[in-house]
Amino acid sequence: KAIIYHSMSKDLRSKKIALEFEGDHFEIKALKPIKSFFFQLVVYGFKTVSKSPVAIKPLDIDFSKYDDIVLISPIYAGRINCFMRDFLKENIFHDKKVTIIGSSDGEKNPKYFSSFKPFIDGCNDIVDTIHYVKGIKQA
């Protein structure tokens, strides 16, 4: 399994969730991180909502080695966040079983999971969608 995650919260919830899975872990990181947590929320929240690009560090993943892909990231404004979105735009994979996991501090937003569809090639099979609230898996 390739476990691909973006984690920026003070608690690093998405990273903690990612480490629950066995496989190879890959973290999506900002090319030039913003030090202030408050400004991270403002800037990256705006980039998510406005669909503006964000500069991310390149990840060298040989997708041919994996049958299963797990994507884990925080939910921004009820949708795929700018980091995961831009990663998926730059890294296309085919014929994989994909699990999408969203982490938030509040209620489940069904639009989050559907917001991934334009960025995951249709030949892949989304086998599961899981929501965590404050680090706890929801039923």
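**Strand pairing and the pocket**

A: Strands β5 and β6 (residues 136-137) pair in the antiparallel sense over two bridges; a strand is a DSSP run of E with at least two residues, numbered from the N terminus, and two strands pair if DSSP finds at least two bridges between them. The model is predicted, so local features need pLDDT of at least 70 and side-chain atom pairs count only at pLDDT 80 or more, while totals for chains, interfaces and linings use all residues. Residues are numbered from 1 along each chain as its sequence is written, and side-chain values use heavy atoms, without hydrogens and water.

Tyr-132 has Lys-137 of β6 as its bridge partner. β5 and β6 form a hairpin with two residues between them, and in that turn Lys-134 has a positive phi of about 50 degrees.

β5, residues 125-133, also pairs with β4, in the parallel sense and over eight bridges. Here Val-133 in β5 is the bridge partner of Ser-104.

From β4 the description passes to the largest pocket. That pocket has 17 lining residues, with Ser-9, Leu-41, Pro-74, Tyr-76 and Asp-105 nearest its centre. (A pocket is an open set of points on a 1 Å grid where a 1.4 Å probe fits, with protein on both sides within 12 Å along at least five of seven lines; lining residues have an atom within 4 Å of a point.) Two or more lining residues come from each of α1 (13-18), α2 (37-49) and β4 (97-104); helices are DSSP runs of H or I with at least four residues. The largest contribution is that of α2, with three residues.
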